[in-house]
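Subject: Model handover and notes

Hello,

Here is the model for you to look over. My notes follow below it.

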Amino acid sequence: MNQIDEIRMQVMWNRLISVVEEQALTLLRTAFSTSVREAGDLSAGVFDQKGRMLAQAVTGTPGHVNTMAEAVLHFIAEIPRDEMFPGDTYVTNDPWKGTGHLHDITMVSPSFKGNELIGFFACTAHVVDVGGRGFGADGKSVYEEGIQIPIMKFAERGNVNKDLIRILRSNIREPNQVIGDFFSLAACNDVGHKRLIEMLNEIKMNNLDQLGEFIFSRTHSAMLERIASLPKGEWSNEMLTDGYDEPINLAALVQITKDGVNIDFSGSNDMSRWGINVPLIYTKAYASYAIKCVVAPDIPNNSASLAFFNVSSPVNILNAERPAPVSLRHVIGHMVPDLVLGALAKALPGQILAEGAAALWNIHISVRPIAGADGRRAEVLMFNSGGMGARPGLDGLSSTAFPSGVHTMPIEATEQTGPIVIWRKELRPGSGGAGKYRGGLGQIIEIAPAADHEFDFSAMFDRISTPARGRDGGGDGAPGSVALDDGTKLRPKGWQQVPAGRRLVLQLPGGGGFGDPVKRSPEAKAQDVLKGYISESN
């Protein structure tokens, strides 16, 4: 390939990324659920005709993007080629073939140019309800957690499956929101397909074969160089998490060879009887993300780069088998990057950030009027983040979602979805671990039902009994807490009630510090006091 062809292919690659970014923005603009529209809890990407991911949208979470990269292969295996037609859209929320739990909807659409199948577009999004017990850890099996949609056709030749829509309406609490999101997902893929065909017509190409070969070959070569620069050997790490009713230990062994990185989770605790189990597809997604953040953050994420990471585990909490309850798979799954990075820190001393809050402090609220009062019922989902761990050379980011990467949901957007009031949302002073570089702060949030209302809420919180650990002499982050405003302590997981007139107070955990606190500069300490991050006495 001569230099002109190289440049042309690179331009087309960039153009393909803009196609999938517009695909994702379509979902953001049309989604009904605040978790998608405001927080960006989604993914979008384009795949070749073999189901290999060519490009992903920047907008999205690793848990969605990297599971989607494997999920498309499941769709291809389930739906024969001779049953695929232009205008088709396929759907599933199967936790083991999608993104790890029932609340995430994955849609895949074949892309035809004329009569030739040239690839696929795929997207995922979290919906507010799927029936069952609701979004929480209390189910004893996946059958209690909501409606399961096997891989099937949402639309064939452009005609929507009306029977599926009727079944959904009969099984979920917020049918208008959820079905609206289904159509938004389908539209997202449709926009990607249209822009791709416009691009191919403009550059006079019939398919993605040549561009795909260019993308995969360049990515493969770049990854080989990065792997070659790493120390070779194996390193292990363990981490204790809160669990549901007893602590859960996670274990990882990271092995770096000349061919790639192997991550094994043998030694982690057995599956839980509660819905915090993690299907392996989700564990793989975050384990790969952790390694890539350190090894190759600037190399595009596609099937060629992901192929360098091999993730394995016996059946345990990080490789849960059907029909285990998995609704809150993110709580343990979001701990996987800190677990893996802890092992990598031994291979690359002084180069890995400290542990952070990790798991999102999601809260699902089911609000209703008190007996005899007028009002409305609503399902409200809110995403919240604690502090990131301090980095080598920089303080940790406060109230920032790592590793999930979702956005903070504005108070105004959350309050308009149901009769609740968020009275307080502010950074939590003193919650970041001490160190040469300070851990990121958590936040304090107070939520109450509106007048003449009460609510049940599903707690999905961790880092309460097992705070984020510091690195290289840094202090631990502050643990989180869950209580009512009268001081009543509440459980970190499970459905509970906030009566009328009371407020729920969440104190989110902070990130661990990095390096000896004695070595923190006087200027940095003065700024911390000035900004209210710590008190004078600290």
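R463 lies in the loop between β16 and β17. Helices (H or I, at least four residues) and strands (E, at least two) are DSSP runs, numbered from the N terminus. Phi of R463 is near 60°, a positive value in a residue other than glycine. R463 has a relative accessible area of 1%, so it is buried. Buried means under 20% relative accessible area, exposed over 50%, and partly exposed in between (1.4 Å probe, protein chains only).

Some housekeeping. This is a predicted model, with residues numbered from 1 along each chain as its sequence is written. Local features need pLDDT of at least 70, side-chain atom pairs count only at pLDDT 80 or more, totals for chains, interfaces and linings use all residues, and side-chain values use heavy atoms, with hydrogens and water left out.

Most residues other than glycine have a negative phi, and most peptide bonds are trans. R157 is not a glycine, yet it has a positive phi of about 50°. R157 lies in the loop between β6 and β7 (159–160). R157 is exposed, because its relative accessible area is 53%.

There are cis peptide bonds to check as well. One joins R322 and P323, with omega about 10°. P323 is in the loop between β11 (309–312) and α9 (329–333). The bond from F402 to P403 is also cis, with omega near 15°. P403 sits in the loop between β13 and α11 (411–415).

Aromatic rings

Rings of Phe, Tyr and Trp (its six-membered ring) pair if their centres lie within 6.5 Å; planes under 30 degrees apart count as stacked, over 60 as edge-to-face and the rest as tilted. By this rule there are nine aromatic pairs. The rings of F154 and F182 have centres 6.0 Å apart and planes at 50°, so this pair is tilted. The pair links distant parts of the chain, 28 residues apart. F154 is in strand β6 (residues 152–156), and F182 is in helix α5 (residues 175–203). Both F154 and F182 are buried.

W361 and F461 form a stacked pair, 4.4 Å centre to centre with 20° between the planes. They are 100 residues apart and again join distant parts of the chain. W361 is in the loop between α10 (336–347) and β12 (363–369). F461 is in the loop between β16 (453–460) and β17 (481–484). W361 and F461 are both buried.

Y282, Y286, Y289 and F402 are linked by ring pairs into a cluster.

Charges over rings

A charge sits over a ring if NZ of Lys or CZ of Arg is within 6 Å of the ring centre and within 35 degrees of the ring normal. R157 meets this with F85: its charged end is 3.6 Å from the ring centre. R329 lies over the face of Y282, at 3.8 Å from the ring centre.

Helix packing

Axes are lines fitted to C-alpha atoms, for helices over the stretch in contact, and angles run from 0 to 180 degrees between N-to-C directions. Angles under 35 degrees count as roughly parallel, over 145 as roughly antiparallel, 65 to 115 as roughly perpendicular and the rest as oblique.

Helix α3 (residues 62–78) and helix α7 (residues 280–295) pack at about 120°, with axes 8 Å apart. That makes α3 oblique to α7. Contact means heavy atoms within 4.5 Å. On the α3 side the meeting residues are P62, G63, N66, T67, E70 and A71. On the α7 side they include Y282, Y286 and Y289, which also belong to the ring cluster.

Helix α4 (residues 162–169) and α5 pack at about 150°, with axes 10 Å apart. That makes α4 roughly antiparallel to α5. I165, L168 and R169 in α4 meet P175, N176, I179, F182 and F183 in α5.

A buried valine

V380 lies in strand β13 (residues 378–382). V380 counts as buried because its relative accessibility is 1%. Leaving aside neighbours within four places in sequence, V380 is in contact with I363, H364, I365, T414, T417, G418 and I420. K50 is 330 residues away from V380 along the chain, and their C-alpha atoms are separated by 39 Å.

Best wishes
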